[in-house]
Amino acid sequence: VAYTNSKLISNTDTLTSWLEGSGNGGVGGVQDWNNLKGEYSLSSQDVPQRLIISYVYDLPFGHGKQFMSGASGLMDKVIAGWGVDGITSFQRGFPLKISDGNPNLLAGLGLGTGTIRPDVVAGCDKGGPRTVQQWFNTSCFVSAAAYTFGNESRVDPTLRQDGINNWDFALFKKTYFGPDAKFNLEFRAEFFNIFNRVQFAAPNTTLGNNSFGVVSSDNGNPRLIQFGLRFSF
């Protein structure tokens, strides 16, 4: 079992957003390059909690084991050698980065202006219904006045995209035979995302876009199943 609790903060993220922003909804763009102190916030790659549980367990059936210990011959070959293993992953989602896509006269001046952000309505609960049609309360964001910067953080401190809740599981059977049991035939049935849980990608976070707050895609894969057979000698 491995558990990580952390907090990552910065005043900028990266210039290679196509690389480091894949899977985490992009990176927080700098709004005012002349005031990096005002860009201080959570990092786009902040993951406050992550829990990984991995296990391997040989089932206690067969000759000399806890259950059916007296089995022998063909019966022992059938019931012995079974086991399970897996990896279970839980992780909080990456924080959202809200930008303003509406025209702002400040953006066209070319005076160290970067990605314009909106203003946050005072006292508004940004949490929202958390559905794919409205992941957060979009009414909490409004465009800043002309020639002004928005007061939204470079990376939002409260809003996050969907996290990870994934279970990978395998069932295996090892059968030893031959002189001095030198040969081994192993069968494996492996299930990735065994419960077929969807992990939603980040919603649209550009104010002024018709899809603002809407989740239109997902991350990861659906349930995948594969079988394997290996002969060792």
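# A tour of the predicted model

Start with the whole chain. Of its contacts with a separation of 6 or more, 73% are between residues 24 or more positions apart; contact means heavy atoms within 4.5 Å. This is a predicted model, in which local features need pLDDT of at least 70 and side-chain atom pairs count only at pLDDT 80 or more, while totals for chains, interfaces and linings use all residues. Residues are numbered from 1 along each chain as its sequence is written, and side-chain values use heavy atoms, with hydrogens and water left out.

**Stop 1: the whole chain**

Colour by secondary structure. The protein chain has two helices and 14 strands. These are DSSP runs numbered from the N terminus: helices are H or I, at least four residues, and strands are E, at least two.

Now turn the model along its principal axes. The C-alpha atoms fill a box of roughly 85 × 30 × 25 Å. The radius of gyration is 26 Å, whereas a compact globule of 233 residues would have one near 17 Å. That radius is taken over C-alpha atoms, and the globule rule is 2.2 Å times the number of residues to the power 0.38.

The accessible area comes to about 13,400 Å², and carbon and sulfur atoms own 58% of that. The areas come from the Shrake-Rupley method with a 1.4 Å probe; for residues, only the protein chains shown count as cover. Buried residues are 34% of the 233 in the chain. Buried means under 20% relative accessible area, exposed over 50%, and partly exposed in between (1.4 Å probe, protein chains only).

**Stop 2: the largest nonpolar core**

Select Leu96, Ile98, Trp135, Phe136, Cys140, Phe141, Leu159, Ala202, Leu207, Phe212 and Val215. These eleven residues form the largest nonpolar core. Such a core is a set of buried Ala, Val, Leu, Ile, Met, Phe, Trp, Tyr and Cys residues joined through side-chain atoms within 4.5 Å.

Centre on Leu96. Setting aside neighbours within four places in sequence, Leu96 contacts Trp135, Phe136, Val155, Asp156, Leu159, Arg160, Gln161, Ala202, Pro203 and Thr205.

**Stop 3: the disulfide**

The cut-off is a pair of cysteine sulfur atoms within 2.5 Å. A search of the whole structure finds one disulfide. Cys124 and Cys140 both lie in the loop between β7 (119-120) and β8 (141-142), so the pair ties together parts that are 16 residues apart in sequence.

Look along the S-S bond. The torsion of Cys124 and Cys140 is about -70°, so the disulfide is left-handed. Cys140 is buried, at 0% relative accessibility. Cys124 is partly exposed, at 24%.

**Stop 4: aromatic pairs**

Show the rings. There are twelve aromatic pairs in the structure. Rings of Phe, Tyr and Trp (its six-membered ring) pair if their centres lie within 6.5 Å; planes under 30 degrees apart count as stacked, over 60 as edge-to-face and the rest as tilted.

Select Phe90 and Trp167. Their ring centres are 5.9 Å apart and their planes stand at 90°, so the pair is edge-to-face. This pair links distant parts of the chain: Phe90 is in strand β5 (residues 82-91) and Trp167 in strand β9 (residues 164-177), 77 residues apart. Phe90 is partly exposed, with a relative accessible area of 26%. Trp167 is also partly exposed, at 30%.

Next, select Phe136 and Phe141. With centres 5.9 Å apart and planes at 90°, this pair is edge-to-face. Phe136 and Phe141 are buried.

Then select Phe177, Phe183, Phe231 and Phe233, which form one aromatic cluster.

**Stop 5: Arg92**

Go to the loop between β5 and β6 (99-100), where Arg92 is found. Arg92 is partly exposed, at 38% relative accessibility. Beyond residues up to four places away in sequence, Arg92 touches Val47, Pro48, Gln49, Arg160 and Gly163. Its C-alpha atom is 5.7 Å from that of Gln49, 43 residues away along the chain.

**Stop 6: positive phi**

Most residues other than glycine have a negative phi. Which value does Arg130 have for phi? Phi of Arg130 is near 55°, a positive value. Arg130 lies in the loop between β7 and β8 and is partly exposed, at 44%.

Finish at Tyr147, with a positive phi of about 65°. Tyr147 sits in the loop between β8 and β9. Tyr147 is exposed, at 52% relative accessibility.
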